[in-house]
Every structure is written in C-alpha cells, then in structure tokens.
Amino acid sequence: MLKKKICMVGQFGVGKTSLVRRFVDSIFDERYLSTIGVKIDRKDVCAGGTDLTLMLWDLAGEDDLAPLNMSHLRGASGYILVADGCRAATLSKARELQQRITKMLGPLPFVLVINKTDLRDHWEVQSADIQQYGWLTFETSAKEGTGVEEMFLALAARLTGDRAAIGKSAES
Amino acid sequence: MSPSAQFELLAALGYAVLERTGPGSFRALGSAPRWLPKGPVTDAFPFLELFLLDAEEYWAYPGGRPRLSSDLWTQAADFGREMHFRAVAVAADRQLLLIERVDSRFDQAQAFVQYAHEAKLAEEKISKLSHELARATEAKSEFLARMSHEIRTPLNSLLGMAELLSETELNDEQREYVRIFRRAGDTLLNIINDILDFSKVEAGQIQMECIGFDVAQVVREAIDIIDVRARAKGLAVSFSIQPELPARWMGDPGRLRQILLNLLGNAVKFTEQGAIRVSVEKLHDELHFAVSDTGAGIAADRISTIFDSFTQADVSTTRKYGGTGLGLAISKRFVELMGGRIWAESAPGSGSTIHFTARLEADEGNAPEAAEDAPRPALDNLSLRILLADDSADNRFLIRGYLRGTACLIDEVENGAAAVERFQSGEYGLILMDAEMPVMDGYSAVRAIRACEIERGLPPTPVLALTAHAFQEARDRSLAAGCTDHLVKPIAKTALLEAIARHAGKPHAEAPIHVEVENWLKPVVPGYLEKRRGDVAALESALERRDFATIHTLGHQMAGSGAGYGFAGITAIGAALEESALASDPARIRRAISDLDRFLRNVVTG
C-alpha cells in the first residue's frame with residue numbers, strides 16, 4: 001500500500017500529539033505530556049478512492065531550549081502546522097515554521113490547524129489572523145474530536161491529488 | 001571476552017546488535033531482544049528509514065567518528081504502552097547498528113522538558129490573566145465614572161432646586177419636608193462619593209497631596225460640619241490638641257478632614273447620649289488622632305473586622321443606622337497612604353475610641369496668613385456678566401436661580417460652538433462651561449476661547465468647568481484644556497457663588513504677601529525674584545513640551561534657594577514642582593506654576 005510520511009509541527013503544547021492520538025486511537029488524555037524526539041504512528045486511510053498508509057511523524061514542539069530538528073522532515077510528503085487558538089503567539093510560530101520548512105524543502109503540501117475549539121471562549125486567535133495567510137485551514141478540537149479526521153483526510157487527499165475530496169473536507 | 005560473549009552482554013543490557021550485511025540489510029548478532037520484531041528493521045522501526053540515510057554515509061566515511069547516534073523516538077507498543085528507542089551506528093572492524101531501549105532515560109528527559117514547558121505555559125497564563133485583569137479594572141473605572149456622571153447630573157437639579165426652594169417663603173410643614181428632602185439628597189451624594197472613593201482606592205488611583213496646612217483648623221472644620229447633627233442629638237463635641245505641637249504640617253488636609261468626618265459621623269451616629277472627644281498629639285514621630293465617644297461600643301470579636309469593606313459591627317446596624325459600610329474601609333486606606341495605621345478600642349456599652357496615626361512632617365514654611373486673612377470678595381458687590389454654556393435646560397434654570405439676587409447678568413447658550421461665538425461678540429467677566437455638550441464640547445470651546453484671547457491680546461477670562469465628572473482625570477482634563485477651575489456637580493449654591501467670586505474678583509482678592517528679608521540679603525533679592533519671574537515662562541514652555549527634566553531642575557533650584565533668601569513659599573513651590581515633575585503630573589505642575597506666578601506678583605519684601 002502507498003505510504004505517505006506526514007509531519008506534525010508547531011510550538012510546544014498546541015496539541016500535536018493529542019490530534020494524532022484522537023485520529024489514530026480515538027482517545028483524548030487531559031494530561032499534558034511533552035513529546036521528546038519523534039513519536040511515530042501509522043494510520044490506514046482511504047482518500048479520494050486511494051488506499052494509503054499515513055506515517056505520522058509527531059515532532060517535538062519547538063521551544064526556547066530546542067529548535068525544531070528540521071532533518072526529521074526529510075522525505076515527508078506533507079505536514080500539518082498546528083497552532084493553539086488560545087495562544088496567539090503559536091500562530092506566529094506556525095507561520096515562521098512554514099517559512100523555514102519551505103526554505104529547506106521547497107513548497108510541500110500542508111494544512112494549518114487551529115486546535116482547541118473546545119476552549120473557544122478563551123481564543124486569542126481571530127479569524128482575520130487566520131485568513132490573512134490564505135492557507136487551507138481547519139479548526140479542531142482534539143478533546144472533542146471536532147474537525148480532526150476531516151483535517152487529516154484533507155491533507156491525505158491533497159497528497160493523492162484529489163481536489164474534490166480536499167474541497168469537501170475543507171467545507172465540513 | 002570473545003566477540004560473541006560481548007554481543008550476548010549487550011543484548012542482556014537491552015541492546016539489539018545488528019551487523020550491516022549490505023545497503024539496508026542487517027543480521028542480528030547474539031540473542032535478539034524480545035522487542036525486536038523479525039523482518040526488515042525499517043518495517044518495525046520506520047524512524048530508521050531516515051537514520052539509515054545518515055548511517056550509510058557514516059559507514060562509508062566514518063571520518064574518525066567512533067559512532068553516530070540518532071534522536072530518541074517513540075513507538076506504540078501493545079496495551080496502549082509506548083516504547084522509547086535510540087539507534088547508534090558504529091564503524092569498527094564490522095559495521096554495526098545498535099538499537100537501544102531508552103525508557104528510563106526518556107522519562108528523565110521528558111520530566112525535564114515537561115517542567116520547562118509547564119512553567120512557560122503557566123507564565124503565559126499569568127501574563128494573560130494580568131492583562132485581562134487590567135482591562136477589567138479599566139472597564140470598571142470607566143463604568144463608575146459614567147455612572148457617577150449620570151447620577152450626579154439629575155442630583156444636581158434635585159439638590160439645587162431643594163436649596164432654592166428652602167429660600168422661598170414656606171410654612172413650617174413645608175420647611176420640614178424640604179429639610180428632609182435635602183438631607184436625603186445629601187446622604188445620597190455622600191454614598192455616591194464613598195463608592196467612588198473606594199473604587200479609586202481599590203484601583204490605586206488616589207494620590208495624596210503634600211501641602212502645608214493647619215492641623216487644628218482641619219479638625220475644627222470637621223467638627224463644625226458634624227456639630228449640627230451632634231447638637232440635634234444633645235451630644236457635646238470637644239477638641240484638645242497637645243499645646244506644644246507645631247501648628248502647620250505638610251500633608252493632604254482634604255483627605256485628613258474626610259477621615260475625621262467619617263469617624264466623627266460614626267461617633268454621632270452610634271452615640272445616643274454623652275459626648276464626643278477629639279484629641280491630637282505627637283506620638284514618637286507620628287501625629288496621633290483619637291475620636292472617642294460614649295456610644296454603643298463594639299463587641300470584641302467585631303473589632304478586627306470593622307475596617308473591612310462593606311462591614312458594619314452588626315448586620316442589624318445597617319437596618320438601624322444605614323450607610324454603605326465603606327467609610328472605615330476608605331479611612332483605613334487613606335491612613336495607610338499617609339504612612340499611618342488605624343485601630344479601635346472599645347467594649348460594648350462603654351463607648352469606643354478610634355485611633356489613627358499619620359506620618360507627617362511639620363511645615364517649616366511661612367503660613368499664607370496674609371492671603372487667608374484677606375477679605376473674601378462678596379458676589380453681592382460684583383457686577384459681572386457671565387456666559388453660561390450648558391445643554392441641560394434644568395441646569396441652566398438652576399444656575400439662574402442660584403444667581404438671582406446677585407448683581408450678575410447671565411447669557412445662556414446650549415453648546416460650545418455657541419459659547420465661542422458669544423464670547424467673540426461680548427465681554428464676559430466669567431464663563432461657566434459644561435463639559436459634555438452637543439455640537440462642540442466644553443473642552444474644545446475653552447481651547448478656542450483661549451486661542452481667541454491670545455490672538456487679540458486679551459487677558460484670560462476665568463472659565464469654570466462645571467461638570468458631573470468627579471474623577472481627578474476629569475479635573476486634569478479641564479485644566480489641561482485651559483479652564484481656570486473645575487467644579488463638580490451637584491454643587492451647592494454657596495460653593496458656586498464663592499467660586500465665581502473667587503475667580504472673577506481675583507485681581508482684587510490677591511493680597512500682598514509680606515516677607516521679611518534680612519538686611520544683608522536686600523541688595524540681591526530683586527535680582528533673585530526677577531530670575532524666578534523668568535522661570536515662570538521657562539516652566540510654562542517646558543510644560544508645553546512635556547520636558548519634565550527641565551521642570552525638575554528648575555524646581556530643585558527653587559527648593560534649594562528659596563528659603564535661603566527668606567522665601568519659604570518659593571521653596572515649597574519648588575519642592576512641589578520637583579515632585580510633580582518626577583510623577584510627570586501636568587495638572588500639579590500647572591498648579592505649582594500658577595502658585596509661583598501668584599507669589600511673585602504679590603510678594604512684598606520688607
């Protein structure tokens with residue numbers, strides 16, 4: 001079966017690991033556990049009529065102590081930029097990472113995810129902030145499961161070149 | 001140890017030892033650990049796909065490096081568990097790939113990173129909360145200012161009309177009704193003021209003044225105000241002051257009077273018979289005030305809470321005596337701002353004494369006796385044309401009522417633009433200006449009037465802002481716009497008439513300030529004063545540029561030199577300039593400049 005490597009990138013604490021956990025195991029854990037190095041999961045999906053295995057590389061969130069290890073992105077077919085709606089700075093971080101990745105690997109398919117819609121009352125990120133980049137964007141809640149599958153499938157569809165599936169996922 | 005024994009040992013330590021047999025091809029040496037699945041390693045460990053790219057390069061060109069280590073990686077294991085690994089490529093006689101279980105090392109690394117992340121997240125949360133709190137406090141202040149304005153505006157009409165009504169011919173029954181009406185209005189105003197004061201204290205917006213005042217006079221003024229109520233209950237109020245105590249002190253007489261009024265008000269409220277006594281003495285380096293009564297007293301278990309907000313000694317007290325329960329809480333904060341403390345001594349049935357101290361310094365400067373002894377200008381003799389700008393017909397009616405019987409003529413307009421127009425075509429001795437009006441507000445109107453005066457070379461007309469905004473910022477805003485003074489609605493008739501007389505009759509009201517100068521200084525004094533006159537202009541221009549450093553320097557020079565020439569007034573003004581420049585407080589600086597100007601205009605040396 002076709003295998004595609006997808007990397008999860010973003011500031012620490014935005015919910016990269018929780019998104020994968022929700023997508024792969026349909027589980028959410030309230031405890032925050034920092035990822036060290038890389039966490040690898042796999043999930044078989046069908047996107048736009050194509051069966052494929054997504055190899056999900058969940059990369060340790062960038063912080064002041066350690067920058068993102070860019071070498072882990074080599075061989076990736078696409079990536080998911082994750083920001084936390086409650087922390088505006090994480091969206092700027094996502095923007096910065098996107099620029100660094102594009103500089104190193106060229107224009108790879110990606111989606112932007114603003115996570116934590118369950119805490120929307122505390123959001124600092126406004127829709128105008130998100131729209132300014134013109135990226136394919138999803139608002140998700142790893143806790144409640146909202147938008148998570150659609151987001152992964154939209155990127156998968158992008159990787160298989162299925163435009164209709166991308167549009168459908170983005171609308172939902 | 002034989003190589004095979006070494007591989008057995010490594011396997012026992014949790015390593016899988018693989019030998020590279022070709023590109024991407026490996027065989028296990030020794031016994032493979034149970035966690036190492038059969039088949040290609042990259043199938044079991046997708047992470048190695050990436051690492052082996054680097055490892056192949058390393059094996060081809062080790063470049064003297066003994067080994068190449070990978071980052072840590074995590075993979076799901078059975079039963080929701082996770083396994084943590086690290087890979088090491090070694091280039092020796094053989095090309096080896098070691099895969100190591102690093103669960104405990106992973107836990108340590110994670111604990112460290114997690115601690116750093118949680119600390120950072122907590123810091124972000126605190127900073128966010130503190131911003132939200134600041135925004136909420138600002139919104140609360142704004143709401144209070146607005147509410148205060150909205151309540152004061154109709155209250156101004158109510159209290160003013162009641163005052164005018166009481167001056168008309170009334171029978172005894174009607175007089176009693178009006179008296180109750182006025183008392184209720186005054187109480188309501190006091191409650192609003194209490195709530196405003198309290199919220200300002202809470203928001204840290206209260207600044208204590210530091211001016212010279214006569215402590216006995218402040219106490220007597222407070223007693224005078226309370227005396228009517230005390231006498232109505234048959235209570236005598238007495239006052240004693242330590243004889244050798246200096247008369248004049250530096251501090252905030254307004255706030256001191258407020259504390260005393262609060263304590264005296266409570267004493268009268270809670271005492272049915274007997275007497276009230278106020279005493280002032282010096283205790284160590286503090287001024288010690290005590291207000292004693294022979295009233296109901298406070299139970300021991302309540303004494304510690306009476307200074308808390310919204311607390312009275314007994315909830316039934318509120319029903320019986322009324323009040324917001326804020327008076328003592330406000331007094332406590334004021335006392336603390338004066339560097340002192342407040343406490344109570346009492347036993348039920350044997351009266352109470354409330355003590356407080358204030359850390360004040362004696363005022364070494366000259367008392368402004370001459371100015372205070374000058375006869376107050378009476379409005380009766382003042383023939384004055386007044387321009388009144390206020391959009392509320394009720395307020396205009398009230399002011400007209402207040403001024404009836406004086407020799408003043410009033411022209412009324414409904415907005416700032418009309419005021420500016422009228423000002424240009426008429427000659428006015430004084431202007432009363434509301435702040436918020438349609439078309440053009442009072443601030444813009446005053447600015448336009450000041451510009452017009454400068455253009456025509458006219459002396460400034462006294463402009464009294466008359467608004468329902470009670471906060472200090474509103475006062476600062478009025479003065480910054482060019483108003484001469486800021487009066488707060490609701491205003492009593494006497495207060496308005498006094499303010500008009502004070503400002504309109506100013507040139508006559510200013511009495512000479514006599515200062516004795518020692519003989520040997522006489523030749524240099526005129527030069528010194530002339531230089532200070534130059535400072536007035538320099539200060540005004542520095543203030544316009546918001547050049548607080550220059551203001552501070554000039555203030556410092558005056559503070560240092562004034563008393564040496566015999567002008568304690570200049571030293572006091574210099575100190576005020578220094579302080580207000582440090583606080584970057586334009587309103588206080590403006591007041592100090594105007595004090596200096598007045599001092600220099602009126603000083604007479606002998």
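## Terms and model

Two strands are said to pair if DSSP finds at least two bridges between them, while helices (H or I, at least four residues) and strands (E, at least two) are DSSP runs, numbered from the N terminus. This is a predicted model, in which local features need pLDDT of at least 70 and side-chain atom pairs count only at pLDDT 80 or more, whereas totals for chains, interfaces and linings use all residues. Residues are numbered from 1 along each chain as its sequence is written, and chains are lettered from A and ligands numbered from 1 in the order in which they are written.

## The five-strand sheet of chain B

In chain B, five strands make an open sheet with mixed pairing, in the order β8-β10-β11-β13-β12. The edges are taken by β8 (236-241) and β12 (342-346) of chain B, each of which has a single partner strand, so one side of each is left without a neighbour in the sheet. Direction ignored, neighbouring strands of this sheet are turned by 15° against each other on average. At one end of the order, β12(B) runs antiparallel to β13 (residues 352-358) of chain B and is joined to that strand by five bridges; B:Ile342 has B:Phe356 in β13(B) as its bridge partner.

Helix α6 (residues 215-232) lies across β8, β10 (275-283) and β11 (286-293) of chain B and runs at about 170° to β8(B), with axes fitted as lines to C-alpha atoms, for helices over the stretch in contact, and angles running from 0 to 180 degrees between N-to-C directions. Helix α7 (residues 253-270) of chain B packs on the sheet as well, touching β10, β11 and β13 of chain B, and its direction makes about 20° with that of β11(B).

## The three-strand sheet of chain B

A further open sheet in chain B has three strands in the order β7-β9-β14, with antiparallel pairing. Its edge strands, β7 (211-214) and β14 (361-362) of chain B, each pair on one side only. Four bridges link β7(B) with β9 (residues 248-251) of chain B in the antiparallel sense, and B:Ile211 stands opposite B:Gly251 in β9(B).

## Where the chains meet

Between the chains, 20 residues of chain B are in contact with 18 residues of chain A. On the side of chain B that touches chain A, α3 (47-60), β4 (73-76) and α4 (103-166) of chain B each supply at least two residues, and the largest share, 10 residues, comes from α4(B).

Strand β2 (residues 38-47) of chain A runs parallel to β4(B), and three bridges join the two; here A:Ile40 stands opposite B:Gln75.

Definitions and conventions:
Contact = placed C-beta atoms within 7 Å.
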